[in-house]
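Let's walk through a protein chain together, one feature at a time. Take a moment to turn the model around before reading on.

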Amino acid sequence: MNTNITFNNGNTIPAVGLGTFRIEDNDLAAKTVASAIEVGYRHIDTAAIYGNEEGVGRGMKDSEIPRNELFLTTKIWNDDLRSGKIKEAMAVSLEKLGTDYVDMVLVHWPAGEYTEYWKLFEELYDEGLAKNIGVSNFTMRMLDKLLPVCRIKPVVNQVERHPYFIQKPLLKYCDKKEIALTAWSGFMVGELLNKPDILGLAEKYGKTAAQIIQRWNYQNGVISIPKSINPDRMKENIDIFDFNISFEDMKYIDTFDKNMRKGPNPENFNF
Ligand SMILES: NC(=O)c1ccc[n+]([C@@H]2O[C@H](COP(=O)([O-])OP(=O)(O)OC[C@H]3O[C@@H](n4cnc5c(N)ncnc54)[C@H](OP(=O)(O)O)[C@@H]3O)[C@@H](O)[C@H]2O)c1
């Protein structure tokens, strides 16, 4: 089971997807994606810069699940954003993925003149090459620049978020603007899974630390995309629909925030 979240355009996305960052080997990517689909995932997150689109596409085909039952996201990298070569980059990604559309394409980082090239993302949507368009690593300041000038609103903002970097103001802002939030590095690349505060809750609920974080995101309406190459862990990370974290414990997790990032601050980035 993988409950869907509904976008501002009425389309839906499975609340839990598989992340594929740092799976650079395409054979491993194909095997990982096929295993994830086998254990129940229907949503896969990749990016041009991950170097694994060919393997991701192959894994989807190997799974024999019909294309229209899978939700595939890719992202256009900074060089192509800066040069405005959005359409060219999309064509390369589609070729590697072996599909004629993606379910969602994201601006990977707010590089270059995003208020200008967003028009090209809107055209990708109009042309049916991307069923949904969104952004990643956008701050409230950046969304405040983009939203007044866009014709089609982003459906998603994909950002770093985990219990040590909660981004509550951004989550509230996105809720108000009807932009879904996706959490990247939800486990802080695994670091949070042996922290006593999270393990304490895992013990209380008879779940794992990963499941507590996954469920906390889900109950906040946040999409999650944990990465694992291990089928048992994949199963664990999606098996979160049979329990509830209490209101008090949801508030308690919010107190874990240490404003501790794993990745760069989008306001100072330059890559
Ligand atoms: N938009 C962006 O700029 C951006 C940036 C970073 C990431 N992302 C996306 O977000 C996805 C997730 O983030 P992430 O890959 O950085 O890190 P993550 O999902 O926070 O953590 C992945 C790490 O945790 C381990 N792990 C996963 N499940 C586990 C479990 N149940 N028990 C123990 N260990 C577990 C994995 O190891 P094994 O694989 O060995 O199981 C891996 O080392 C990425 O893959 C990517 O798709 C997007």
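The chain carries 33 positive and 38 negative side chains, and the centres of these two sets lie 4 Å apart. Here Lys and Arg count as positive and Asp and Glu as negative, while His and the chain ends are not counted; each charge is placed at NZ of Lys, CZ of Arg, CG of Asp or CD of Glu. Keep in mind that this is a predicted model, in which local features need pLDDT of at least 70 and side-chain atom pairs count only at pLDDT 80 or more, while totals for chains, interfaces and linings use all residues. Residues are numbered from 1 along each chain as its sequence is written, and side-chain values use heavy atoms, with hydrogens and water left out.

Next, look at the fold. The chain has 11 helices and 10 strands, which are DSSP runs numbered from the N terminus (helices: H or I, at least four residues; strands: E, at least two). Eight strands make an open sheet with parallel pairing, in the order E3-E4-E5-E6-E7-E8-E9-E10. Strand E3 (18-19) and strand E10 (223-224) are at the edges with a single partner strand each, so one side of each has no neighbour in the sheet. Two strands pair if DSSP finds at least two bridges between them. Strands E8 (residues 156-160) and E9 (residues 180-184) run parallel and are joined by five bridges; Val159, for instance, has Ala183 in E9 as its bridge partner.

Finally, how much of the chain is buried? Of its 271 residues, 54% count as buried, meaning under 20% relative accessible area with a 1.4 Å probe, protein chains only.

Note on methods. Buried means under 20% relative accessible area, exposed over 50%, partly exposed in between (1.4 Å probe, protein chains only).
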